[in-house]
Amino acid sequence: MAEVSLGALEDLKDGEARRVDVDGHRLAVVRLGGAVYVIGDRCSHADYSLSEGEVDADHCTIECWKHGSTFDLRTGEPLTLPATRPVPVYEVEVRDGAVVVTLS
Ligand code: FES
């Protein structure tokens with residue numbers, strides 16, 4: 001387990017996803033107001049980047065741009081087909097204005 005800073009919260013655009021590659025992990029980082037979610041940036045249906053998809057702030061989901069599966073940002077669970085398996089979810093917190101993720 002390793003804690004890694006992903007930079008300042010204020011540098012993340014609210015309601016958008018950003019891909020971050022760190023220590024061999026491909027992450028999709030999403031800010032919704034003061035909250036940050038980090039999930040694996042690889043759709044579980046095929047190898048497409050979830051961070052290029054649309055974020056739905058009301059439902060706390062992100063939609064895979066390729067075939068339209070939506071994933072819960074809190075759990076990584078797919079809510080719609082064709083994806084059936086969850087994507088990884090990473091522990092994240094905002095500490096002194098910095099986004100810190102725990103990688104396992
Ligand atoms: S690649 Fe994401 S739903 Fe198919």
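Which residue stands opposite Val94 in β9? Val99 does, and the views below show the strands around this pair and other parts of the chain. The model is predicted: local features need pLDDT of at least 70, side-chain atom pairs count only at pLDDT 80 or more, and totals for chains, interfaces and linings use all residues. Residues are numbered from 1 along each chain as its sequence is written, and side-chain values use heavy atoms, with hydrogens and water left out.

**View 1. The sheet of six strands.**
An open sheet has the strand order β1-β9-β8-β4-β3-β2, and its pairing is antiparallel. Its edge strands are β1 and β2, each of which pairs on one side only. On average, neighbouring strands of this sheet are turned by 30 degrees against each other, direction ignored. Strands (E, at least two residues) are DSSP runs, as are helices (H or I, at least four residues), and the numbering starts from the N terminus. Two strands pair if DSSP finds at least two bridges between them. Axes are lines fitted to C-alpha atoms, for helices over the stretch in contact, and angles run from 0 to 180 degrees between N-to-C directions. In general, strands of a sheet pair through backbone hydrogen bonds, either parallel or antiparallel.

**View 2. Strand β9 and its two partners.**
Strand β9 covers residues 98–103, and five of its six residues are buried, so β9 is largely enclosed by the rest of the structure. Buried means under 20% relative accessible area, exposed means over 50%, and partly exposed lies in between (1.4 Å probe, protein chains only). Five bridges join β1 to β9 in the antiparallel sense. Along this pairing, Glu3 stands opposite Thr102, and Ala8 has Ala98 as its bridge partner. Strand β8 (residues 89–95) is also antiparallel to β9 and is joined to it by five bridges.

**View 3. The turn between β8 and β9.**
The hairpin of β8 and β9 has two residues between the strands. Asp96 lies in this loop. Its phi is positive, about 50 degrees, although Asp96 is not a glycine. Most residues other than glycine have a negative phi, and most peptide bonds are trans. Is Asp96 buried or exposed? Asp96 counts as exposed because its relative accessibility is 83%.

Strand β3 (residues 25–32) and strand β4 (residues 35–40) run antiparallel and are joined by six bridges. Arg31 stands opposite Val36 in β4. Two residues lie between the strands in this hairpin, where Gly33 takes a positive phi near 65 degrees. Two bridges join β4 to β8, again antiparallel. Here Ile39 stands opposite Val89 in β8.

**View 4. The sheet of three strands.**
Three strands form an open sheet with antiparallel pairing, in the order β5-β6-β7. The edge strands, β5 (54–56) and β7 (70–72), each pair on one side only. From one strand to the next, the twist averages 25 degrees. Strand β6 (residues 61–63) pairs with β7 over three bridges. In this pairing Glu63 stands opposite Thr70.

Cys60 is found in the loop between β5 and β6. Cys60 has a positive phi of about 55 degrees although it is not a glycine. Cys60 counts as buried, because its relative accessibility is 5%. Cys43 is buried at 6% relative accessibility, and Cys64 is buried with a relative accessible area of 3%. How many disulfides are there? The count is zero, where a disulfide is a pair of cysteine sulfur atoms within 2.5 Å. In the loop between β7 and β8 lies Pro82. The peptide bond from Leu81 to Pro82 is cis, with omega near 10 degrees.

**View 5. The largest cavity.**
A search of the whole structure finds one cavity of 30 Å³ or more. On a 1 Å grid over the protein atoms alone, a cavity is a set of points where a 1.4 Å probe fits but cannot get out, and lining residues have an atom within 4 Å of a point. The largest cavity has a volume of about 40 Å³, a volume being the space filled by probe spheres set on the points. Its lining consists of Leu6, Gly7, Ala8, Leu12, Arg18, Val20, Val29 and Val99. The largest share, three residues, comes from β1.

Conventions:
On a 1 Å grid over the protein atoms alone, a cavity is a set of points where a 1.4 Å probe fits but cannot get out, and a pocket is an open set with protein on both sides within 12 Å along at least five of seven lines; lining residues have an atom within 4 Å of a point.
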